[in-house]
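This report is written for a reader meeting the structure for the first time. Please look over the sequence and the model before reading on.

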Amino acid sequence: MQKLPSIWITAIRNGLLAGTVSLLICLFGMVMQFEQRYIISGVVTMGQILYMAPVFFLGYMLARRLNLAPLKALAVGAVTGFFSGIILAAFIGLGQLLNLRSVLVQASPELYALLTFNLDLIPGVLAMLGFLALIGALGAALFLVPPHIRGALIGALIWTVMAGLLRDLISTVMQTWGPVAPLISWMFARSGLTLIGAAFVFLLSGALGFVHLKLPVWVVRVVWLLIALVVLLLPRILGVFLSDVLDTVGLFILMGLGLNIVVGFAGLLDLGYVAFFAIGAYTMGVLTSPELHGTLTYWEALPIALLVCVLSGFVLGLPVLKMRGDYLAIVTLGFGEIVRLLVLSDWLEPWLGGTQGIQHIAYPVIGNIQFGSQQMLYYVIIAFILVAIFIASRLKDSHLGRTWMALREDEDVAKAMGINHVTTKLLAFATGAFFAGLGGTLFAAKLSSAYPQSFQFLVSINVLSLIIIGGMGSIPGVVVGGLALVGLPELLREFAEYRYLVYGAVLVAMMLAKPEGLIPEARRELELHEAEVEAVTEPEPEAQAGGGS
Amino acid sequence: MSKRVFVLVSMLVGLSMLFTACAPAPAATEAPPVEGPTSAPAPAAFTCTDSIGCVDIGPTDPIHIAYLLVVAGPNETLGVDSRNGIEIAIDDAGGKILDHDVKFDGEDGGCDAGPGQTAGAKLAADNTIVAVIGTSCSSEARAAEPLLSQAGFVTVSPSNTAPDLTEAGNANNYPGYLRTAHNDKVQGAVAAKYVYEVAKKTKAATIHDGSLYADKLQAVFAEEFKKMGGTITAQTAVDPNQTDMSSVLADIAAGAPEMIYFPIFQPAGPLIIQQARQNAVLKDALLMGADGLFSPDVVTGAGDFVEGFHVSSPLVTGADYDAFVAKYTTKFGKAPISIFHAHAYDAFNMIKAAIEKVAVVDADGTIHIGRQALRDAMYATKDFKGLTGVLSCTPTGDCANPTIGVYEYHKGQYPPELIWPK
Amino acid sequence: MLRTWRQRVTLIDLMVWAIGVAIAVVVVVGTIKTLQSGKYEPGVWLDLTFKGLALGGVYALIAMGYTLVYGILKMINFAHSEVFMSGPFTAVFLAISFSKSGFMDANPVVGMALVTILSAAVSAGVAVLVERVAYRPLRNAPRLVPLITAIGASFFLQYAFRGLYGSGFKAYPTLRALQGSINFLGIQIFNTQLVVILGAFVMMVVLYAVVQRTKVGKAMRAVSEDKEAAALMGIDVDRVIVFTFALGGASAGIAGILYILIFPIAWFYMGFIPALKAFTAAVLGGIGNVAGAFLGAMVLGLLESVGPNLFLDGLGVPTPSQLKDAIAFVILVFILIFRPSGILGEAVTDKA
């Protein structure tokens, strides 16, 4: 049993795995949906890339893992590709015999035709097998290039696909930049990039990836300054849609900063964080919407809304003081649901608008400047984020911050050391509620309305995921997490239908590959590292061979 | 790694600084879109005189129609179904309007104000778009419509029913907005009239599911019903994902109404039918829904209990509709999954007809569409024959055919039988 | 007496108790007022009780999956809602083809058994797959990490099912053999409800027996006490964990079949709410405790069914049933205030 399986068996296994993943991608409807969506006009569509990607990737991974001589690696890659084709071929064969479509809605004749290159059945399947073997071999070939070029190549491939995907967005933005506008027709076709455009993006991003520059410190400083300037100018440069996306990202970053205090610093798992977001938005609505006889302005209502949020943080904190871990999770989750149900209910409709929500909520106005539009609200959000980052980073190193961390690490020991767990926990909940409430008021101002369905459980999960992806307890991590988990899906809105599918897969993959997050907090990384050191003592090859089963 | 990212970011930043410095100060959103980015220079002397600008479409360029529907998340059947309806309409048109391909894509609005606004902002930024079909939900419309209207588009919703969207003088009635779905005021009143005058019931109860649509519709129904002289014994609500309806039915049964009006959706609808029929007090009450429950799944979902269940719905039966359903089933592998596919189909065809009416076609095939002209043509739609009946638009954008029928379900039969008006 | 009363009871304790007492007062006053108003016939309460018990039975079976996994791995299997959904969602296709061909009406017992076994197998399969892919590699990670993979897996599965089978609602065909009702104390009880209550009860007994009486159950308990010691005693920990997931999955699959008997519509989002309730029930009863999960589920099912009308109606709250889920969570808070580890739970000492 100790003997490793032969490389061919591993290749076949990986091939079958890649084929299964490809098949699933086909059956989820992704291939057909993007069948017309060219990345490079007339050459390759997103749909094709999607079903080829697993084969290419596993071909590459296998070559990397086995570390074989060039010819052998290519052969292994080809075998992987071929066997992934076998899975698809079996599926096509089955589709000829049975009407799979009555169960699997996406198993349409068009899909079969696409997979077999619109050829007849037998030649089509053969062509597909050959083609996928080629893709597998190409994946393996990628490993054979020297490492520093390989990195640049992979980067260039990703950037090219991204450029093709974001064609509409990039060309819309480029239009507003006078001198580069003529480049649009040169780089982009009606759908996707032109061949020249693709080559340009590929070479540019490849070259950038290849170059390593050592910059003097002052250049770095100037560049950061420039970045800060651009951040200030972003809404002007990017237009309404991207400003809207930035606003949404900003709101989530604000909430993330707050939840980071509760979960990241104090270690209290809160799954109902959306409650405070809702309370902030609704308090703002009740106080400022003329429909509900609110007469205050945004700035007058803000302190009241925040006070209400902090108080509700205390109210939630009280009963859960003695609870730990999972009990806390379910109770906070319940709290989030209770708040949503209450704002939705007919019972409170006269005061909170019920199903019909609240409209015409006030937005911030300073002097003559109205911060109502998405582009203007951006500045308010940025300002609040800066304040929140300041508070959070000061808190982190303060006495209170250290008390939170002590509680997180070991509550019993912390108590024994004389830490008052009651006030400490309550303060964590209240601070978290404060930030979420702030986000809520801005959210209401952005939409100028509040509807119960905006405050689903999903929001809590999104915020929690972004701080974990970013790196728990890490403040820059929250910003990166927000950009990655909230910003990126907004840019790739075409994938809206598959958003949660991809989202789920990314969460799992991320936790398996890099559980400490994108920008880990030093202390947590250390903890995880300890765990890893233990894990490494397991026999390595066996764990890996299992990956294909 | 981080060094490389840094270099890349700084170069991009540098580039963008350069561009912004060179660019003429980018116009804010208020500027009306003037020309499509892909437009060829017009050879003939076409000058755009439209008050809010024109779309120019080059000889080989497509006509861009976008959707803003809920196509992801728990409410997606509503939007996906509408989108399927539009795709069939495009197929029926041979994929072309005025010999130009139709480019059809769009955004998910999530049936919620937040995502709706973002989607609206995205569409508004694309000035090749001629018209938008959407939104699915009224809350989305309120958030997205300011942006879409500002961008000069025509928007036709297949499923918004909230009265404020087409109420003259209301802040939520935006120029360029029309709908092929029924204003709740129309449908609620017809349902009340049927129940009181035809079915002769005087005690009714209503249930909504927390959606804007159902809540408004039941409110209109209750108001009209009371006006006619009927009594409303209870106005209650369920959660759309709730499956056990026993407590809401117990609440209703305490008032012993003769009928229950629940203009809600799947899956709560069939569950209410089934559980009401098993309730000792309510088993003989008249059960009535609205077009949200005009679906084959109701027959299977409620099983034998479906017998005698009424729905109010626009008159969508007929040979044309049957042919539509057949095409739908072939193309998507299953029967329509929700209800507003026919409305969406009509929305596309109305837009198509209006474009054909107002477009100026040059000799080389370039098309110019005046945005205000298109809006005017849309509002002037009269006696347009669609799947949902003969449509005429009001000046505020209500285009749905006001004739509403009441249908009765029978065990194992779909579509239900039209019982009123005969 | 080492300390005086004043030292032992802090202001915070008083405030917490005040919240608890306030909840109790609302419940009692609401109940009295509702009963005084005489709006509901006594039979209505009995009817609601039976429905609540049926629902509680389903919750109990789902809760088993949470509680068994928690007992062994000390983690919340957030993807359990999809494990629950996958069984009936797949079985719908089988049931439809059976009823179309007339097989189901001809052999209701065989047909039902086939559908049940199949859906239990599918659910168990999904549970094991999730364990293999998403949890096993993270066995030694901090506890938040597997929680996040669980949430990710839950989303992925939900939308994978949506992608594969479409997003529409699938009606579960009516089973002729189970139609009809019996009369009990003047109350109509439907055969489906009886089957669900009995089925849930039988399943619970079976599960309890498996955990308490069989060898593998003993191994499960051993692993739950101390993984390393169990491994040293020759127990294959990985296999026991896989078995636990399979057992919890199968029980969720059967719960799914029972659930769809009373609420005959399947769609990809159907798992979320019942699983959330089952999770609440497991915590209510004391998570990690099999009997506690059963008790918690029954209490929750009952309160949820009777609660809205009984507690809120008398207080003049319109549409009390809209607040049904809120009641469930308030009751949870109430019980946890006075018994922080749940009804039958032991004091937890966990470390983040």
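The text below takes up chain C, chain B and chain A in turn.

The model is predicted, so local features are described only at pLDDT of at least 70 and side-chain atom pairs only at pLDDT 80 or more, while totals for chains, interfaces and linings use all residues. Residues are numbered from 1 along each chain as its sequence is written, and chains are lettered from A and ligands numbered from 1 in the order in which they are written.

Chain C has 14 helices and four strands; helices (H or I, at least four residues) and strands (E, at least two) are DSSP runs, numbered from the N terminus. Along the principal axes, the C-alpha atoms of chain C fill a box of roughly 70 × 60 × 40 Å.

A residue is buried if 20 or more other C-beta atoms lie within 10 Å of its own, exposed if 12 or fewer, and partly exposed in between, with C-beta atoms placed from the backbone. Two residues are in contact if their C-beta atoms, placed in that way, lie within 7 Å.

The two chains that carry these totals are set side by side here.

| Chain | Buried residues | Contacts at least 24 apart, among those at least 6 apart in sequence |
|---|---|---|
| Chain B | 61% of 422 residues | 69% |
| Chain C | 57% of 352 residues | 78% |

Chain C touches chain A through 51 residues, which are in contact with 49 residues of chain A. On the chain C side, helices H2 (11-37), H7 (144-165), H12 (272-285) and H14 (324-338) each supply at least two residues. H7(C) gives the largest share, 16 residues. By residue type, the chain C side divides into 38 nonpolar, 10 polar and three charged. In this count Ala, Val, Leu, Ile, Met, Phe, Trp, Tyr, Cys and Pro are nonpolar, Asp, Glu, Lys and Arg are charged, and the others, Gly among them, are polar.

## Sheets and helices in chain B

The secondary structure of chain B comes to 12 helices and 18 strands. Six of its strands form an open sheet in the order S3-S4-S2-S5-S6-S7, with mixed pairing; two strands pair if DSSP finds at least two bridges between them. Strands S3 (96-97) and S7 (177-179) of chain B stand at the edges with a single partner strand each, so one side of each has no neighbour in the sheet. S7(B) pairs in the parallel sense with S6(B) (residues 154-157) over three bridges, and B:Thr155 has B:Tyr177 in S7(B) as its bridge partner.

Two helices lie across strands of this sheet. Helix H4(B) (residues 138-150) lies across S2 (63-69), S5 (129-134), S6 and S7 of chain B and runs at about 155 degrees to S6(B). Helix H11(B) (residues 341-358) lies across S2, S3, S5 and S6 of chain B, at about 160 degrees to S5(B). Axes here are lines fitted to C-alpha atoms, for helices over the stretch in contact, and angles run from 0 to 180 degrees between N-to-C directions.

Elsewhere in chain B, strand S8 (residues 203-208) is mostly covered, with five of its six residues buried. S8(B) runs parallel to S9(B) (residues 231-237), and six bridges join them.

## Helix packing in chain A

Helices H16(A) (residues 374-397) and H19(A) (residues 421-447) pack at an angle of about 175 degrees, with their axes 11 Å apart. H16(A) is therefore roughly antiparallel to H19(A); angles over 145 degrees count as roughly antiparallel, those under 35 as roughly parallel, 65 to 115 as roughly perpendicular and the rest as oblique. The residues of this contact divide into nine nonpolar, one polar and one charged.

H19(A) also meets helix H11(A) (residues 217-265): their axes come within 8 Å and cross at roughly 170 degrees. H11(A) is thus roughly antiparallel to H19(A). Their contact divides into 16 nonpolar, four polar and two charged residues.

Leaving aside neighbours within four places in sequence, A:Gln374 is in contact with A:Val240, A:Ser243, A:Asp244, A:Asp247, A:Lys446 and B:Ala121.
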